[in-house]
Amino acid sequence: MTAIPGLLLPGSLDLDDRPAVPAGFRVIGLDLSITSTGVALPDGTTFRIRTRQKDGPRRLTVIRDRLTPEVAEQRPHLAVIEDLPTRMHPRSLKPIAALHGVVQALLIDADVPWAYVPPLTLKKYACDNGRAEKSDMAAAAYLADGVQFADDKGGDQADAWWLRTAGHDWCGLPLFTMPQAQRDVLSKAEWPERFAQQGVMGAAA
């Protein structure tokens, strides 16, 4: 696997070596899709950014222009993004890969590091099942924290919400109780170097 600068390869960091985090830690979750991107803001609010096929490549700018002010206003310390599927037809891969590049550039400009969580890892973390369906992810969020998602047939908001949750969990500030075995799978994700310091110290005073 080729490493992306600033990211840790999956499995390269023991879970006990999770990072210290800043006060008022803020995480944004991003389930990127060229047609319907799911977003979970640091306060837990979720929404979708929908685009129209007829807009073609301009869909990239629609998503960028919607995310840019949110990132500027929310000032997240960390973005957690669902990684690309391991198997994807080249024709489908091109637009979503382009979107990832656009979002990475946006985050670089805002000085926000990002993590990548593979879809299988996210499902195992949320549901203890790598084959979990979208409805399972939403049900798991409700059971874990009483959260429900309006207008989320595709599960984009649920995935983004779990990505945000995973960022808090990895960084030693879990939002609720979960089985340790499910938390352990987060070591398979790619985490930015600035959140790879030894020891979990929680939010700084």
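In this predicted model, Glu70 and Arg66 form a salt bridge, with 2.8 Å between the closest N and O atoms. Both residues belong to helix H1, which spans residues 58-74. They lie four residues apart there, so about one helical turn separates them. Glu70 is buried, at a relative accessible area of 12%. Arg66 is partly exposed, at 34%.

Arg48 sits in strand S3 (residues 46-50), whereas Asp151 sits in the loop between helix H4 (134-145) and helix H5 (156-170). The pair therefore ties together parts that are 103 residues apart in sequence.

The side chain of Arg48 also meets that of Asp156 in a salt bridge, with an N to O distance of 4.0 Å. This pair again links distant parts of the chain: Arg48 lies in strand S3 and Asp156 in helix H5, 108 residues apart.

Arg48 is partly exposed, with a relative accessible area of 22%. Asp151 is partly exposed, with a value of 48%. Asp156 is buried, with a value of 11%; the cut-off for buried is under 20%.

Across the whole structure, the search finds eight salt bridges.

Key: Residues are numbered from 1 along each chain as its sequence is written. This is a predicted model: local features need pLDDT of at least 70, side-chain atom pairs count only at pLDDT 80 or more; totals for chains, interfaces and linings use all residues. Side-chain values use heavy atoms; hydrogens and water are left out. Helices (H or I, at least four residues) and strands (E, at least two) are DSSP runs, numbered from the N terminus. Buried means under 20% relative accessible area, exposed over 50%, partly exposed in between (1.4 Å probe, protein chains only).
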